[in-house]
Amino acid sequence: MTGPDAPAALRATGLGFRYRRRGGWALRDCEFTVPVGRIAALVGRNGAGKSTLLHLAGGLLRAGSGELGVLGLAPGTAEARARVALLTQDKPLYPRFTVADTLLMGEKLNSSWDRTAAERIVHEGGIPLHARVGELSPGRRTRVALALALGKRPELLLLDEPLADLDPVARGEIMAELMAEAAERGTSIVLSSHVLPELEETCDWVLVLRDGHAELSEDAETLRESHAVLTGPADRADDLAAQHTVVQGRTAGRQLTALVRRRGPLRGDWHVARPRLEDILIGYLRTEEEPGRRDARERTEAAA
Ligand SMILES: Nc1ncnc2c1ncn2[C@@H]1O[C@H](COP(=O)(O)OP(=O)(O)OP(=O)(O)O)[C@@H](O)[C@H]1O
């Protein structure tokens, strides 16, 4: 099924949230869809709203305005809690429990518990089952938290910068585990990360947040195909802007290098390079907000 009624891993309509009644909006007027079965990168600068969005999706916060659906369900309901797993940055675990106790807790709390998968993640990290969680290194605690999340066999896995404290080998192993999970079971994954090169190979959907707004929510390959890095004479900048959407431009002497979203065939004497996903994302994250748009938003926020 396609269209607005198709099931989505995440769907936001007019979604807004602020932490305090009179505080600023952490998320505002967000409209986006992440289809099921995708490994989606959630990207944005510090404070863009990524953790807030994941906490809303995991049912730990409640939307202030608009709606957020997870697998077509309201976040935090019993059915959503059974089908969605969230791993937050603080990875709440009981420090006095052993690793074995922690996995047993996962088994008792989840009817669909996959003990083999959970134990494999722990064993691959060389973590003894009798070790106390509070005595593990942060990276090993992350692994145990991931084992709990994946052992639940969720249909939607929400990960808030899960790999930040893992060593490079462990990062590779966990990424491979996540991709295998998605490929074998069709699990939808939404993964926030600042490590853009890592997303290139793993993610097939991109959700970019900027200042609490959803800037992009799109298939990664479509993004690559629709963007180009053009290099040419700086005095052609206006022509270029008339033909295509210039996401970001940089002038050095008489030469312009621009990341553009193509609106038609590329005309003129430009040197054309295909950007990596990372280049595209950095282009969107760096872009200055258009003054008109910012003014309008500030007026709306002042009026709210
Ligand atoms: N507990 C809180 N109380 C008040 N404001 C908060 C709280 N948590 C986050 N915020 C604010 O909400 C906005 C979005 O924060 P959020 O943590 O969701 O961003 P983020 O994209 O996850 O950032 P980072 O990349 O730094 O983790 C920021 O302005 C932040 O200061």
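Predicted model: local features only at pLDDT ≥ 70, side-chain atom pairs only at ≥ 80, totals over all residues.
Visitor: Which residues of H1 are buried, and what makes a residue buried rather than exposed?

Guide: The buried ones in H1 are Lys 50, Ser 51, Thr 52, Leu 53, Leu 54, Leu 56 and Ala 57. A residue gets that label if 20 or more other C-beta atoms lie within 10 Å of its own; with 12 or fewer it is exposed, in between it is partly exposed, and the C-beta atoms are placed from the backbone. Seven of the eight residues of H1 pass, which leaves the helix mostly covered.

Visitor: Where does the name "domain: ABC transporter" come from?

Guide: From an unreviewed UniProt entry, which lists residues 10–236 under that name. UniProt positions are in the numbering used here, feature names are shortened, and annotations may be inferred rather than shown by experiment. In the model that span is 36% helix and 29% strand, with its end C-alpha atoms 41 Å apart.

Visitor: What makes a residue part of the ligand's surroundings, and which ones are there?

Guide: The residue's C-beta atom, placed from the backbone, has to lie within 6 Å of the molecule. That gives Tyr 19, Ala 26, Gly 44, Asn 46, Gly 47, Ala 48, Gly 49, Lys 50, Ser 51 and Thr 52. Helix H1 (residues 50–57) supplies the largest share of that shell, three residues.

Visitor: How do you know the class of each shell residue?

Guide: Ala, Val, Leu, Ile, Met, Phe, Trp, Tyr, Cys and Pro count as nonpolar, Asp, Glu, Lys and Arg as charged, and the others, Gly among them, as polar. On that basis the shell has three nonpolar, six polar and one charged residues.

Visitor: What makes a set of residues a nonpolar core, and which members touch the most others in the largest one?

Guide: A core is a set of buried Ala, Val, Leu, Ile, Met, Phe, Trp, Tyr and Cys residues joined through C-beta atoms within 7 Å. In the largest, with 77 residues, Ala 40, Leu 158, Val 206 and Leu 207 touch the most other members. Helix H5 (residues 138–151) gives the most to this core, seven residues.

Visitor: Why is Leu 71 called buried, and what is its phi?

Guide: Leu 71 counts as buried because it has 20 C-beta neighbours inside 10 Å. Phi of Leu 71 is near 50°, positive in a residue other than glycine. Most residues other than glycine have a negative phi. Leu 71 is in the loop between strand S4 (65–70) and helix H2 (78–83).

Visitor: What about Asp 29: which label does it get?

Guide: Asp 29 has 17 other C-beta atoms within 10 Å, so it is partly exposed. This residue sits in strand S2 (residues 25–35) and has a positive phi of about 50° without being a glycine.

Visitor: Why is Gly 126 called exposed?

Guide: Gly 126 has 9 other C-beta atoms within 10 Å, so it is exposed. It lies in the loop between helix H4 (115–124) and H5.

Visitor: How do you know which residues Trp 270 is in contact with?

Guide: Two residues are in contact if their C-beta atoms, placed from the backbone, lie within 7 Å. Neighbours within four places in sequence aside, Trp 270 is in contact with Leu 230, Thr 231 and Gly 232. Trp 270 is partly exposed, with 19 other C-beta atoms within 10 Å.

How values were computed:
Residues numbered from 1 in each chain as written. Helix = DSSP H or I, 4+ residues; strand = E, 2+ residues; numbered from the N terminus.
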